[in-house]
Amino acid sequence: MTATDTDYMQMALELARQAALNGEVPVGAIVVKNGEVIGRGANAPIGLHDPTAHAEIIALREAAQQVGNYRLVGCTLYVTLEPCAMCSGAMQHARITKLIYGASDPKTGACGSVVNLMTEAKLNHHTEVLGGVLAQDCAAVLTDFFKQRRLTNKG
């Protein structure tokens, strides 16, 4: 982990906070290539009425448009929560070189918590993974969101 990794994760955390303000599960993601942010995403499946509108997918789509190619070789994806199977698969199809995530997801995490698609030998692409970057901050955004939601739903 480098100081730059924490800086980029802070950017992803800001996107997660924006998602929370919109009533979405607070997950944020950014794609970086050669030190430049080329894709940003905040969770939006509720607002967009789209089950695929996870932060990672939105960030990958924007990055692909920026480079003019669906393959994002040499790119790093930063995301505040360990990706699910859908997002992990999309990263593999995009040939993301490295994934850096914050909090682990013991319910749907597909990068080691529940399954590990990133190291599955039968798959043809393997993404380097580093988890736990600003994990406490990333987990706190999620915990606070669901705590507030429970309080709101009680009354």
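Tutor: A residue counts as buried when its relative accessible area is under 20%. Please note that this is a predicted model.

Student: Is Tyr8 buried or exposed, then?

Tutor: Tyr8 has a relative accessible area of 10%, so Tyr8 is buried.

Student: How many aromatic pairs does the structure hold?

Tutor: There are two aromatic pairs. In one of them, Tyr8 and Tyr78 are tilted, at 5.1 Å centre to centre with 45° between the planes.

Student: Where do Tyr8 and Tyr78 lie in the chain?

Tutor: Tyr8 belongs to helix α1 (residues 3-21) and Tyr78 to strand β3 (residues 75-81). They are 70 residues apart, and the pair links distant parts of the chain. Tyr78 is buried, with a relative accessible area of 4%.

Student: And why is the pair of Phe145 and Phe146 edge-to-face?

Tutor: The planes of Phe145 and Phe146 stand at 80°, with the ring centres 5.1 Å apart, so the pair is edge-to-face. Phe145 is buried at 10% relative accessibility, whereas Phe146 is partly exposed at 32%.

Student: Switching to helices: how do α3 and α4 cross?

Tutor: The axes of α3 (residues 55-67) and α4 (residues 85-94) come within 9 Å and cross at roughly 20°. Angles under 35 degrees count as roughly parallel, so α3 is roughly parallel to α4. The crossing is left-handed.

Student: Which residues make that contact?

Tutor: Helix α3 contributes Glu56, Ile57 and Leu60, while α4 contributes Met86, Cys87, Ala90, Met91 and Ala94.

Notes: Residues are numbered from 1 along each chain as its sequence is written. This is a predicted model: local features need pLDDT of at least 70, side-chain atom pairs count only at pLDDT 80 or more; totals for chains, interfaces and linings use all residues. Side-chain values use heavy atoms; hydrogens and water are left out. Axes are lines fitted to C-alpha atoms, for helices over the stretch in contact, and angles run from 0 to 180 degrees between N-to-C directions. Helices (H or I, at least four residues) and strands (E, at least two) are DSSP runs, numbered from the N terminus. Angles under 35 degrees count as roughly parallel, over 145 as roughly antiparallel, 65 to 115 as roughly perpendicular and the rest as oblique. A crossing is left-handed if the near helix is turned anticlockwise from the far one by less than a right angle, and right-handed if clockwise. Contact means heavy atoms within 4.5 Å. Rings of Phe, Tyr and Trp (its six-membered ring) pair if their centres lie within 6.5 Å; planes under 30 degrees apart count as stacked, over 60 as edge-to-face and the rest as tilted. Buried means under 20% relative accessible area, exposed over 50%, partly exposed in between (1.4 Å probe, protein chains only).
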